[in-house]
Amino acid sequence: MKKLSLIFIYALILLCNSCAKLSGKNPVYSIVQGVYDAKNLGTSDIHIMEGGWVFIPQEFTDPSLDFSKYTRFEHINTSWNHYAKPLPTWSYATYAVKIKNLRPERIYAIKTSTVCSAFTAYLNGKEFFRSGTVSSSRDAEVFSWNAPFVILPTQGATEATLVFHVSNFNTNKPGFLKPIEIGFYPKLSNAKTRMLLVHTILAGVLLITAAFFLSLFLFYPKEKYALYFGVLSAIFSIRICCYDEFLLTIIIPQMNANTLFKLGYITFPAGVIFASLFLNTLFGKIKKIYMWGFLLPAFAYIMVIFFTPIYVSANLLFIIQIYTLLPAIYNITIIIAAVLKRNKLAYLMLCGVIFFFVLMIRDILISNRIIEGVFLSHIGIFAILIPMAIIVLKNFQTTFENLANLANQIEATNESLAKFVPNEFMNFLNKKHIDVQLGDNVLKDMYIAFIHLSLICDNFTPISFQ
């Protein structure tokens, strides 16, 4: 465990060094008052289109207009209900940016991440991509989730105006979660492919892990923690496929956006449920009936996701996030209690939990631009699952060792008993060991030999057989 502690501390040091504080000066953004200069975009660069986009609330402005007359500028990757002049969560708006110094001979592309309900993209007044159908009302809006990689149809122009019509009447995070990325087509295409490959590998590893531990449970159904861990691994695999690069839409092209949304949202309460059951099985003291009652709100939220419109479950998400603090506190408490009892497995689990929370806090700080760095949320998932896998395998190893010791004891006992009751005698009863019970009998014709020795006058009589 000392070596593990050193590895854990070293990992935390590397983690802290992987990010840096922002300087006290105002950060420099690529977009300034609605203008992006592509002059410094190199062939190996991907620029983040972050900064002051032209923002027109509650209006779908004609994309062919001159947007230089508008004076309100906002970050496209900030939820509009967090602006200085906030817009309601359920609303619609227009974003615009002028791109100058384009190279006519080059092919440009953009990549977006979708958290708004729907958007339509225009370049120089012409639509070139849409995700869902935008609208000024919930009834007419068609919800969609997508992370598109799209070529910009600049058609040799040196300047262009990029416009987004955005509406949000279904999700709880209006606008875009991340800023738009821009680059030359080959570079951005390679980056997209690389991210797809990384997410595919992560989801595949988790799915194989789930299959392995669920198979263990099928052979040893008494080991409930193998079931919980297997299901938890499958949940995390599905979650990766439902977010970021939306792998599930590639695996199943006909996947409906509503189904994708519901499946992704279900992974959150389901993960809380099976993580809590797993830890309670190993370290907890609460009876199962009370544990299931404790997790009842998570089950109720799953039903809400299944049977209500998506805007209802999205609106209740914050309440469920607050509720999940209770299972989190309980899980950490029982782990710490087990550590205080010098449970080495609990110590390993605690290291994984701490590392997970450090990564989550780090990503929150990065998303709020308090520090700079790369998001490591998926590594955080493995920080939890790897200790869990080690614990499950360790418990199985202990179980197998106990069974082997028990088998050796039984074999030694049978060898001792065989000295008093020969195995040949047990063969008559079709028994392999001395496990005779009341009523065991067999009918056979047998010959019995009697030997009689009699002592007369201090001499032995001849042996006689009857």
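**Labels and their grounds**

Analyst: The model is a predicted one. Ala96 counts as buried, at 1% relative accessibility.

User: Why is Ala96 called buried?

Analyst: Buried requires a relative accessible area under 20%. Ala96 has 1%, so the label applies. The residue belongs to strand β7 (residues 91-100), and beyond its neighbours up to four places away in sequence it touches Trp53, Val54, Phe67, Leu162 and Val163. The C-alpha atoms of Ala96 and Ile56 are separated by 8.6 Å, although these residues are 40 apart along the chain.

User: Lys111 carries a charged-type name in my notes; what makes Lys111 count as buried?

Analyst: The same cut-off of under 20% is used. Lys111 stands at 12% relative accessibility and therefore counts as buried. Lys111 is part of strand β8 (residues 108-111). Not counting residues up to four places away in sequence, Lys111 touches Pro148, Phe149, Pro179, Ile180, Glu181, Leu188, Lys192 and Glu245.

User: How do you know that the side chains of Lys111 and Glu245 make a polar contact?

Analyst: The limit for such a pair of N or O atoms is 3.5 Å. The side chains of Lys111 and Glu245 are placed at 3.4 Å, and the pair is a polar contact.

User: What makes β8 and β13 a pair of strands?

Analyst: Pairing needs at least two bridges. Four bridges join β8 to β13, and the two run antiparallel. Within this pair, Ile110 has Ile182 as its bridge partner. Strand β4 (residues 46-49) is likewise joined to β13 by four bridges in the antiparallel sense, with Ile48 bridged to Glu181.

User: Why is β13 described as largely enclosed?

Analyst: Strand β13 (residues 180-184) has five residues, and four of them are buried, so the strand is largely enclosed by the rest of the structure.

User: Why is Asn124 called partly exposed?

Analyst: The label covers values between the 20% and 50% limits. Asn124 has a relative accessible area of 39%, so it is partly exposed. Asn101, in the loop between β7 and β8, is at 37% relative accessibility and therefore also counts as partly exposed. Asn101 has a positive phi near 60° and is a residue other than glycine.

User: What makes a group of residues a nonpolar core, and which residues have the most contacts inside the largest one?

Analyst: Membership needs buried residues of the nonpolar kinds, joined through side-chain atoms within 4.5 Å. The largest such core has 65 residues, and Phe283 and Met349 have the most contacts inside it. Helix α5 (residues 257-283) supplies the largest share, 12 residues. Beyond its neighbours within four places in sequence, Phe283 is in contact with Ile334, Ile335, Ala338, Asn343, Leu345, Ala346, Met349 and Ile391. A second, separate core of 33 residues includes Trp53, Phe55, Phe176 and Ile180. In soluble globular proteins, nonpolar side chains tend to be buried together.

User: How does the span of α5 compare with the expected one, and where is its kink centred?

Analyst: The 27 residues of α5 reach 39 Å from first C-alpha to last, close to the 39 Å expected at 1.5 Å a residue. At the start of α5, a side-chain oxygen of Asn256 comes to within 2.7 Å of the backbone nitrogen of Asn258.

User: What makes α5 mostly covered?

Analyst: Of the 27 residues in α5, 20 are buried, and the helix is described as mostly covered. For the chain as a whole, buried residues make up 41% of 466.

Key: Residues numbered from 1 in each chain as written. Predicted model: local features only at pLDDT ≥ 70, side-chain atom pairs only at ≥ 80, totals over all residues. Heavy atoms only, no water. Buried < 20%, exposed > 50% of the residue type's maximum accessible area, 1.4 Å probe, protein only. Contact = heavy atoms within 4.5 Å. Expected span 1.5 Å × (residues − 1). Polar contact = N/O pair within 3.5 Å; in protein donor to acceptor, adjacent residues only side chain to side chain.
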